[in-house]
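I opened the model to look up a few things and kept notes as I went. The entries follow in the order I made them.

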Amino acid sequence: LVIDKPAGLPVDAPRDGSLSLENHLDLLRFGFKRWPLPVHRLDRDTSGCLLLARNPKAHGRFTRAFEGREVEKQYLAIVDGVPEGESGTIDLPLAKVSTAEAGWRMVGDADGKLRGKPSTSHWEKLAVVDGRALLRFRPETGRTHQLRVHALEGLGFPLVGDPVYGRGGTRTRTLLHAERLVVKRDVKPSIIAEAPFPDRFVALGFSAPEGAAPTRG
């Protein structure tokens with residue numbers, strides 16, 4: 001089961017007790033006895049394709065596929081600036097750091113001093129509007145906040161609306177969208193899912209790029 005997760009809905013139950021995906025799992029049973037379980041995670045602000053498994057066996061199989069980098073993931077993002085060039089690859093290990101004052105965050109670890117985990121993201125520039133760029137990311141790895149940190153430290157520009165790695169803002173959430181997910185299934189046909197181009201991207205003057213799913217409605 002693949003859903004188009006809305007921006008603002010966390011996958012895991014937050015500490016403040018607000019709604020999360022868990023509150024909606026009963027509606028996603030569709031006659032099955034078990035609740036479906038998310039196989040991977042998307043940040044609260046990230047919209048788009050989220051894979052859920054119907055049973056523990058499928059959950060284990062799909063989890064191994066993600067861990068083995070056998071899943072094709074494709075994201076759209078709007079960055080607060082215009083990177084040089086039209087495409088490229090960001091190969092920057094990521095490590096988690098934490099302080100009592102600022103809490104935790106992910107940082108690039110190019111020199112390996114923090115024992116960061118290998119992280120690779122491919123990107124291409126699709127459009128530019130009012131000094132901001134629409135990018136398509138194809139991450140090879142799935143590290144926490146990978147695209148958010150790679151955009152900032154690899155390209156020099158944070159994602160629009162990012163409250164941790166960018167300037168945040170009260171009018172918009174982090175503009176990151178999981179637009180496509182492809183999961184191979186042995187002899188069965190691959191799972192291929194595409195989420196519609198988000199209205200929140202349209203509000204900033206961008207339109208769905210060629211080959212993308214159309215906007216909602």
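**Entry 1: strand β4.** I began with strand β4, residues 71–79, and found eight of its nine residues buried. Buried means under 20% relative accessible area, exposed means over 50%, and partly exposed is in between, with a 1.4 Å probe and protein chains only. Helices (H or I, at least four residues) and strands (E, at least two) are DSSP runs, numbered from the N terminus. I note that this is a predicted model, in which local features need pLDDT of at least 70 and side-chain atom pairs count only at pLDDT 80 or more, while totals for chains, interfaces and linings use all residues. Residues are numbered from 1 along each chain as its sequence is written, and side-chain values use heavy atoms, with hydrogens and water left out.

Which strands pair with β4? I found strand β10 (residues 176–185), antiparallel to β4 over seven bridges. I also found strand β9 (residues 132–139), antiparallel to β4 over five bridges. Two strands pair if DSSP finds at least two bridges between them.

**Entry 2: nonpolar cores.** Next I looked up the nonpolar cores. Such a core is a set of buried Ala, Val, Leu, Ile, Met, Phe, Trp, Tyr and Cys residues joined through side-chain atoms within 4.5 Å. The largest core has 24 residues, and L21, L50, L52, Y75, L135 and F137 touch the most other members. At least two residues of this core come from each of β3 (47–53), β4, β9, α2 and β10. Apart from this core I found another, of 14 residues, including C49, F62, A65 and V183.

I then checked L21 on its own. Leaving aside neighbours within four places in sequence, L21 is in contact with I3, L9, P10, V11, L28, P38, L50 and L52. Contact means heavy atoms within 4.5 Å.

**Entry 3: helix α2.** Helix α2 covers residues 146–155, and I found seven of its ten residues buried. They are Q146, L147, R148, V149, H150, A151 and L155. After the helix comes G156, with a positive phi near 95°.

**Entry 4: R148.** I stayed in α2 for R148. Is R148 buried or exposed? R148 counts as buried because its relative accessible area is 7%. Its side chain makes a polar contact with the side chain of D43 at 3.0 Å. A second polar contact joins the side chains of R148 and D162 at 2.8 Å. A polar contact is a pair of N or O atoms within 3.5 Å; within protein, one must be able to donate a hydrogen and the other to accept it, and residues adjacent in sequence count only if both atoms are side-chain atoms. Neighbours within four places in sequence aside, R148 is in contact with D43, L159, D162, P163, V164, Y165 and T174.

**Entry 5: H150.** H150 is also found in α2. It counts as buried because its relative accessible area is 0%. What does the side chain of H150 reach at 3.0 Å? It reaches the backbone oxygen of L92. The C-alpha atoms of H150 and L92 are separated by 7.3 Å, although the residues are 58 apart along the chain. The side chain of H150 also makes a polar contact with the side chain of S121, at 2.8 Å. Not counting residues up to four places away in sequence, H150 touches I90, L92, L94, S119, T120, S121 and L155.

For another distance I took G60, in helix α1 (residues 56–67). G60 and H150 are 90 residues apart in sequence and 29 Å apart in space, C-alpha to C-alpha. G60 counts as partly exposed because its relative accessibility is 22%.

**Entry 6: rings.** Last, I looked up the aromatic rings. Rings of Phe, Tyr and Trp (its six-membered ring) pair if their centres lie within 6.5 Å; planes under 30 degrees apart count as stacked, over 60 as edge-to-face and the rest as tilted. By this rule I count one aromatic pair. F197 and F201 form the pair, edge-to-face, with 5.7 Å centre to centre and 85° between the planes. F197 is buried at 1% relative accessibility, and F201 is buried at 0%.
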